[in-house]
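Here are some friendly notes to read alongside the model.

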Amino acid sequence: MRAEARQDPAAGTESVVAAWARDNPRSGALHARARRLLPAGVTHDARLAKPFPLAVERADGARKWDLDGHELICYVMGHGSLLLGHGHPAVVAAVREQATRSFHPGACHELESEWAEAVIRLVPSAERVRFTSSGTEATLLALRLARAATGRGKVIRLAGHFHGWHDQVAIGADPPFDGPDTAGLPPGIVSSVVTIPADAAALAEALAAGDVAAVILEPSGAAWGTVPLPAGFLQAAGRLADESGALLVFDEVISGFRWAPGGVQQLSGVRPDLTALGKILSGGMPGGAVCGRADVMDHLGAVRHDPRRVAHPGTHNAHPLSAAAGVTALGLVASGEAQDGAARLAASLRGELTSVFERCGVAGRAYGESSTFHLLLGPDGPEELDPATLKSGPARQVSAALHCSMLRWGVHLFRGSGFLSTAHSERDVEQTAAALAATLRQLQAEGLV
Ligand SMILES: Cc1ncc(COP(=O)(O)O)c(C=O)c1O
């Protein structure tokens, strides 16, 4: 635990947001510089934070060090891509080794086939694989393939589910889920996307006209289980999509290789037609992939003038450095032991954090699945709350204070949630529970909870 936070005489009299800003002058100065160069001073919308974003200098295992020298337990873990922790030695060695051979041969290479073999071995529905440069590109390509294979134009998506930032998925992901999440969409695209709740009757109705190319969803529930899916929904979605001739697309960019070596599809037994992958796929390096039914994927291989051909160039598809990291990471997670260990620790962390809420007399809990957790303030559990409330985070009015206080006690959360890795330990669980206890006392002192 960070001694300076424990001994801070100002704690309780100065707002924790102001105290964190005072303790992090270098992050603050970098943000002032970045604001003159980068819109809003960030390169990912999720990094926008009050009073300013945290800047990190280096990371190792489950820990990282911010620009002002504070050691932090990292629960952001490369936005979920680092199941093996920061800088896993085998992954780093594979990238180093490949860097000496070629960054980019401008030709086919052995690692791309090795990487595809690993995906096909692990992901139950994968018959063919096409690599992309990101998860966003993977969902973009999956939807294009679905439109090409069905000859239909519409896409059904579930309210709150996140699939990256391309045009057809930048609709219905953010509360209140009733329209575009962004300015700048091409005219006509909004009418090609139908956003529905995770409800089998609503899905049946939306599919009834027979004009839907794809049903895309996060099989973990929206935002990696922040909004759990109703029991049996995946099975119903598989059946209904099949009956209507639409393709079922699982977005396993986060759940893939984390929930199990074969993702949620391995655990649920539901086999999607197409799957979007990313994150752990490339061992923390940039990358993504679409995999699935050979007859659908083979639209990518059709000859140039075939009207069914799906075009897909991309300078960095299956980039050798990403492939080297990916092949190594997938080898290390293939047995399921890595996932089981991280999930056991996450269950212990969720239990400890929920007990802290009880002990502090603050209504709230930690919930989640696999090696993840989500903090929730208030008396209701995730089953009682609507998706908009759950996706709004631990409680909008305290999120900056909660975030800053956890940082002051040495814990970096990802918008009130977190990913664990094989590098996290029981010591991290204990320290995180102590940080939450101190944070809840701080929030109580500030009259925020
Ligand atoms: C479920 C899901 N799909 C797609 C994406 C987009 O992936 P990327 O950020 O690599 O474009 C993300 C990113 O967080 C995601 O969580």
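1. P176 sits in the loop between β5 (154-158) and β6 (193-196). P175 and P176 are joined by a cis peptide bond, with omega about 5°. Helices (H or I, at least four residues) and strands (E, at least two) are DSSP runs numbered from the N terminus. A cis peptide bond also joins K50 and P51, with omega about 0°, and P51 belongs to the loop between α3 (25-35) and β1.

2. Before going further, two notes on the source. This is a predicted model, where local features need pLDDT of at least 70 and side-chain atom pairs count only at pLDDT 80 or more, while totals for chains, interfaces and linings use all residues. Residues are numbered from 1 along each chain as its sequence is written.

3. H79, which is not a glycine, has a positive phi of about 50°, and H79 is placed in helix α4 (residues 77-80). W224, also a residue other than glycine, has a positive phi near 45° and is found in helix α9 (residues 222-225). H79 counts as partly exposed because it has 16 C-beta neighbours inside 10 Å, and W224 counts as buried because it has 23.

4. Strand β9 (residues 274-278) is mostly covered, with 5 of its 5 residues buried. On one side these are L274, A276 and G278, and on the other T275 and L277. Two strands pair if DSSP finds at least two bridges between them. Strand β8 (residues 247-251) runs parallel to β9 and is joined to it by 3 bridges; the bridge partner of D251 in β9 is A276. From β8 the chain passes through helix α11 (residues 263-268) to β9 in a right-handed β-α-β crossover (with the strands pointing away from the viewer, the path from the first strand over the helix to the second runs clockwise). Strand β10 (residues 288-292) pairs with β9 in the antiparallel sense over 5 bridges, and G278 stands opposite G288 in β10.

5. Next, the hairpin. Strands β1 (residues 56-60) and β2 (residues 63-66) run antiparallel and are joined by 4 bridges, with V56 partnered by D66 in β2. There are 2 residues between the strands, and G61 takes a positive phi near 65°.

6. An open sheet of 3 strands has the order β11-β12-β14, with antiparallel pairing. Its edge strands are β11 (364-367) and β14 (417-419), each pairing on one side only. Between β11 and strand β12 (residues 372-377) there are 4 bridges, and A366 has L375 as its bridge partner in β12.

7. Finally, helix α5 (residues 89-101). The 13 residues of α5 reach 19 Å from first C-alpha to last, close to the 18 Å expected at 1.5 Å a residue (the expected span is 1.5 Å times one less than the number of residues). V91, A94 and Q98 are buried in α5. They cover an arc of only 60° around the axis, so they lie on the same side of α5 (the arc is that of the directions from the helix axis to the C-beta atoms). On the other side, P89, A93, R96, E97, A99 and T100 are exposed.

Technical notes: Buried ≥ 20, exposed ≤ 12 C-beta atoms within 10 Å, placed from the backbone.
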